[in-house]
Amino acid sequence: MWTTNSCFSVVKLLTSVVLCLSYRAALTSAEPVELFGMNYNSRQGADWNPFKCKSRHQVMNDLILMKRMTSRIRVLSLTDCGQGELVLDVAKELGLKLWLGLWVSRSDSIFLQEKAALESMFERNVIDDDTVIGITVSSESIYRGEVDVEEAIDYKDQIRELVTDSGFPDMPVTIVDIAQTFQKSPVLTKAVDVIMINIFPFWSAINLTSAMDYLTEEIGKVTSHPFAQEKELVLGETGWPSDGFIPGVGTAGPELQRDYFIDFYCKIDKGLGWDYYYFTGIDNAWRQEQDQYNTIEGTWGFLYANLTLKPHFEDLTFSCPGSDVEYSFGEIDWTIPTNTAAPTTPAPTGPGHCGLHEECKALNLSGNCCPADNGVYLGCCDQGSAPTITPTTSPTKTPTLSPTTAPPTVTPTTNPPTTTPTNAPTTTPTNAPTTTPTN
């Protein structure tokens, strides 16, 4: 026989079950992985590929996906594929923050082209400090031996003056290089507004178990110097490849890429709270075309070049030591954007843009023609537009760390999706020395 007390007992039991299930769900629900920042490149082809540059439509799709993991991105060049203004335009639309970069190489004309592009962007009020975090001048150019410290600082000073004169005295300008470069040249630390360092334990042949100790120790040698006090630290690039082979460096592999990320995320992101730009969001698959013997450069992304997530990150859920919080890739929507808007051609971004030269425009060419991103002036350029000096390198310069022999034929440790990639890489990978530079 049911009584009032019986009913209360049942209600109390059901309430307890609901509370218990709710508590269990709260304990087991994971947070989506969220990175401080990531590197990006709008390239999809080698230097000689006439379709090497992504359209605005493709860049939009790339950044829609990347925004699900981060709110900040970084590019290394303004003129390569016209990506400085193109990516900035899309970033504004999506509400992303951006570090703009000027590429520096052996030829002074490369820097002058990048500087001219930046000046044009300021003149046309394209740059604002709501979107642009800061500006980098060169990326490992000192390490590669393309410029010395004094030349790099001179370039930085020119850009610092331009940025200030354009009405942005508080926008940071810096030089990016490896930790050992800053260690050898404290004057470099003194000269920059922000200390931005690229560091890859992989390129230094450091095993995974020692990678975070190596990273923090090398960074500490820079930040402990008196010139570094009161200056912000940013890791410009770090990461681990999922496939490929080069002798004398670390071992690439899907599990190693996954484990490096987990260790970095727990110790650097959640543990130390450093600002960083992870390398990289999307594979640089075209790098294999650029250098057939370098099978490493194209495999640093979380996503394949066709924007599908790599299998070893699918549904990856992990927690950091000493924390009950779980982080998961499975909590992120990896659906490839179905952006059906018709691709649009970016507005001309400078004197070299194809759209500003009638014959090039008539050929329906896009991007830069006069010169193209590799420094070559196309036959459609207006008469008299070509200077006497042309660039000799670009942001896709073959890495200084090159194999001395052809690598053996190896079977990839993971099989990329069978669909033909339609999108391309993020930033141009950087190489750290296999040994610490000596004085």
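**Entry 1: terms first**

A disulfide is a pair of cysteine sulfur atoms within 2.5 Å. I needed that cut-off before looking at C266 and C320. Their sulfur atoms are 2.1 Å apart, so by the 2.5 Å cut-off they form a disulfide. I also noted that the model is predicted.

**Entry 2: the whole chain**

I began with the overall counts. The protein chain has 11 helices and 11 strands. It holds 439 residues, and 54% of them count as buried. I then looked up the surface. The protein chain exposes about 19500 Å². Carbon and sulfur atoms supply 54% of that area.

Next came contacts along the sequence. I took the contacts between residues at least 6 apart in sequence. Of these, 72% join residues at least 24 apart.

**Entry 3: confidence**

How high is the average pLDDT of the protein chain? It is 82, and 74% of the residues score at least 70. I then turned to stretches with pLDDT below 50. Residues 13-27 are one such stretch. Beyond near neighbours in sequence, residues 13-27 have zero contacts in the model. Residues 386-439 also have pLDDT below 50. That stretch has 159 contacts in the model beyond near neighbours in sequence. Where pLDDT is low, the predicted coordinates should not be read in detail.

**Entry 4: the sheet of eight strands**

I traced an open sheet of eight strands with parallel pairing. The order is β2-β3-β4-β5-β6-β7-β8-β9. Which strands are at the edges? They are β2 (38-39) and β9 (275-276), and each pairs on one side only.

Helix α4 (residues 108-123) packs on this sheet. Helix α4 touches β4 (97-102) and β5 (132-139). The direction of α4 makes about 140° with that of β4.

Strand β7 (residues 195-198) and strand β8 (residues 233-237) run parallel. Four bridges join them. M196 has V234 in β8 as its bridge partner.

I stepped back into the loop between α8 (211-223) and β8, where E230 has its place. Is E230 buried or exposed? E230 has a relative accessible area of 82%, so it counts as exposed. E230 and V194 are 36 residues apart along the chain. Their C-alpha atoms are separated by 9.7 Å.

E232 lies in the loop between α8 and β8. Its relative accessibility is 41%, so E232 counts as partly exposed. From E232 to I195 I found 6.1 Å, C-alpha to C-alpha. In sequence, E232 and I195 are 37 residues apart. I also listed the contacts of E232, leaving aside neighbours within four places in sequence. They are V194, I195 and D275.

**Entry 5: the sheet of three strands**

I found an open sheet of three strands with mixed pairing. Its order is β1-β11-β10. The edge strands are β1 (31-32) and β10, each pairing on one side only. Strands β1 and β11 run parallel, and two bridges join them. Within β11, Y327 stands opposite E31. Helix α9 lies across β10 and β11. It runs at about 40° to β10.

**Entry 6: the disulfides**

How many disulfides does a search of the whole structure find? It finds two. In general, a disulfide is a covalent bond between the sulfur atoms of two cysteines.

I took C53 and C81 next. Their disulfide is 2.1 Å from S to S. The angle about the S-S bond is -80°, and the link is left-handed. Why does this pair tie together parts that are 28 residues apart in sequence? Because C53 lies in the loop between β2 and α2 (56-67), while C81 lies in the loop between β3 (72-74) and α3 (83-94). C53 counts as partly exposed, at 26% relative accessibility. C81 counts as buried, at 6%.

Then I went back to C266 and C320, whose sulfur atoms are 2.1 Å apart. Their link is left-handed, with -85° about the S-S bond. C266 lies in helix α9 (residues 254-272) and C320 in the loop between β10 (317-319) and β11 (326-328), so this pair ties together parts that are 54 residues apart in sequence. C266 is buried, with a relative accessible area of 10%. C320 also counts as buried, at 8% relative accessibility.

Definitions and conventions:
Residues are numbered from 1 along each chain as its sequence is written. This is a predicted model: local features need pLDDT of at least 70, side-chain atom pairs count only at pLDDT 80 or more; totals for chains, interfaces and linings use all residues. Side-chain values use heavy atoms; hydrogens and water are left out. Two strands pair if DSSP finds at least two bridges between them. Contact means heavy atoms within 4.5 Å. Axes are lines fitted to C-alpha atoms, for helices over the stretch in contact, and angles run from 0 to 180 degrees between N-to-C directions. Buried means under 20% relative accessible area, exposed over 50%, partly exposed in between (1.4 Å probe, protein chains only). pLDDT is the predictor's confidence in each residue, from 0 to 100. Accessible areas come from the Shrake-Rupley method with a 1.4 Å probe; for residues, only the protein chains shown count as cover.
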